[in-house]
Amino acid sequence: MGSGPSDMKPAAQLASDLVLVGGGHAHALALRMLAMAPVAGLRITLVSPATHTPYSGMLPGLLAGHYSFAETHIDLAALCAWAGVRFIRTSITGLDPQQKTIAFSDRPPLTYDALSIDIGSQPDTASVPGAAEFSTPVKPVAALWSRWQNTLSGLESGARLAIVGGGAGSVELALAIAHVLSERNLAIDLYCGAPQILQGYNPRARRRVERALIDHGVHLHVDHRVARVKANALYLQGGAKAHYDELLWCTGASASPWLSDSGLPVDDRGFLAITDTLQSTGSAAVFAVGDCATQINHPRPKAGVYAVRQGPVLANNLRAYVLGQPLKSHAPQKRFLSLLSLGDKLAVADRGPFSASGAWVWRWKDRIDREFMRRFSHPPVMPDTTPSSSVPAANPIQAPCGGCGAKLAPAELSAVLAGLRQRYPKATQADNGPTLGSDDAAVVMTPEPMLLQSVDSLRALVSDPYLMGQIAANHALSDLYACGSTPVSAQALVTLPFSTAHVGAGDLEQMLAGSLSIFEKAGCVLLGGHSMQGPECQLGFVVNGLSGERSLPKHGLRPGDSLILTKPLGTGLLFAAQMQGRADGGDIEAAIESMLVSNAVGAQLAVEHGATAVTDVTGFGLAGHLIEMLGEEAGASLNLAAVSLLPGANEAITTGIHSSGFAGNYALVADRCEADVAVTDAAAILFDPQTSGGLLIGVSADRSRALVQALNDQGIEGAVIGVVTESPALVWA
Ligand SMILES: Cc1cc2nc3c(=O)[nH]c(=O)nc-3n(C[C@H](O)[C@H](O)[C@H](O)COP(=O)(O)OP(=O)(O)OC[C@H]3O[C@@H](n4cnc5c(N)ncnc54)[C@H](O)[C@@H]3O)c2cc1C
């Protein structure tokens, strides 16, 4: 029997959204557990401002030089890719529990059915005047790490480094820094407002830490509360003044103000008040864990161990909540084992009256910490994730329609378009009248000057729909820029994953908002489009542009012309690596940033410098697009050393990763390659398909230096990568 629509298995429909905000310890664990037993119809999204989140237990070891960045950070982007969880890299700035939305500074709000917050805490810099302005808080760790790499580790001889705090984090930090900078002539001061450090620790453990501070030459100033900070000066309560050259702030935890601004109940320090089921006391749909929350029946100090213990309960309760099942209660432990590293590979253990110290304690701590991190660096191979039969209670699933019925309901579509028209007026209303979605067909300009049209469509390459919208729009506009034309209007072709109306509407809004943020900058108006539902997300645009005074031809390269490339290569193989679970989240981030760079300025400079031919490098790879430009007559000689690669691309090639388009791209140009030219690892990049790649510009040799300079002046990574030759062969060295 032939396979027709009646044989087709209905694709799973997305029925509800669970949004995890913050990639803290509890969320990393819960995410991993939820991924291992997926709930049918439930989509999970993680929102985090960074691709990597630190594991606090190993942070002092990172600064002490015992561990690398990768060993101490969970790669959230890679974890999400493994788990099939959407990853949205941004910070949330607000929460509306009534509307069930979270807000961002850079895009429309996101709707949730269930929300969980694990955003940690920051040292309190607000209560001491000048602290926020002059100190480096120990959190967010990303900022501390970059300050450490750029400034702190390079402190001049004789400099004074001050640390304000007195808890476990600050003494570990002081000892780690003292250890790693021991060869340098530096003074390290630790200012503690209390009469002694390590409140709540047993006296033997405290004495051991105090001795380590003395051994490492750290000047401990107890009962020295800092009252005000100015540039290079600390003013202590009681009037004394102390000098510093660098200042680290590591005092008690404070909460993000948006938590209390949400109207949800908070404790007296502004941390979300939660029940024993880890739900907000003001909204059952909002869960919160880790430092940012306080279990009102069991308040505890802020420490990562509590967040870690909450992870499995959170996973269980989130699952139970969306399935309408009973939730479990969590009672945090009263005491916990604290293992403090003492700078060198020694540590002290403290639990109630018990304490011990030595190299073996450090090895013990090291083993525990590495075991924790192994869960994320070596996640298990996923089982066949045919979703369990359980379905979220609130949203029953119906088999999706095909044909024109497979689209978003009119009411949701109108509401989304109305919101976008308000948010992006310039990119949704043309000067000559039409607005986004106002008619069945949009009026476009008369062909004077000439109207150029192009179409491009992408499968979901990133899970964040807003980012997907930005990349797809930028990618589509590149064709117009490569021709020297100015974008004026666009139409969208959107395929949303099969989903219920409210989930689909949210996705459409995010995708179109992302694309409108790009069209707005380009002066291009989105006039309409067509949306439908399908097994996977796709987004494409028909884009129209007006020809400029001088168009940029694709053909016409002359022997002797220099070839200039304006973006690094490697998006194809980096995303192939990501699909195989072998890409670093930071490298994917760099590829995304590169894809978001517009080719508008590069094209303008190509026009101004009299380019002989231009194209944008996309699916056929650099070599394929170059052959298109060269035609049958001319050839090119490429200098591989001059071709810039995205971070991680070289590692991916040398470990044998190729995009699925690689073989086809090589076949496209194979007959133009000299027989004895090998496709070495270094040459493989020439056949890597690019998404939203750079421009390949041909320009006379005498103008190439000026064009490269002009590109670089604009922050564009342009470089001469080869020369056009008379022989029709393509060679590289
Ligand atoms: C030097 C040092 C050493 C420490 N050592 C230990 C230790 O050995 N043991 C221990 O138990 N505790 C330790 N702590 C305390 C520990 O760091 C915290 O208690 C722990 O990190 C809290 O975990 P969490 O899950 O609440 O959040 P975190 O692990 O702090 O993670 C919060 C996450 O949320 C993200 N985020 C922040 N704001 C937003 C936003 N607006 N939107 C989206 N995401 C956001 C952050 O980027 C981060 O990824 C140490 C602290 C320091 C400073």
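Reader: How many nonpolar, polar and charged residues does the shell around the ligand have?

Author: Classes go by residue name: Ala, Val, Leu, Ile, Met, Phe, Trp, Tyr, Cys and Pro are nonpolar, Asp, Glu, Lys and Arg are charged, and the others, Gly among them, are polar. Here the shell has 12 nonpolar, 12 polar and 5 charged residues. The model is predicted: local features need pLDDT of at least 70 and side-chain atom pairs 80 or more, while totals for chains, interfaces and linings use all residues. Residues are numbered from 1 along each chain as its sequence is written, and side-chain values use heavy atoms, without hydrogens and water.

Reader: Which residues are the closest to the ligand?

Author: A residue is near a molecule if one of its heavy atoms lies within 4 Å of it. The ligand is surrounded by 29 residues, the closest being His-25, Thr-53, Asp-118, Asp-291 and Gly-304.

Reader: In what order do the 5 strands of the open sheet run?

Author: Strands are DSSP runs (E, at least two residues), numbered from the N terminus, and two of them pair if DSSP finds at least two bridges between them. The order is S11-S18-S12-S13-S14, with parallel pairing. S11 (136–137) and S14 (218–221) are the edge strands, each pairing on one side only. S13 (187–191) is joined to S14 by 4 bridges; Tyr-191 has His-221 in S14 as its bridge partner.
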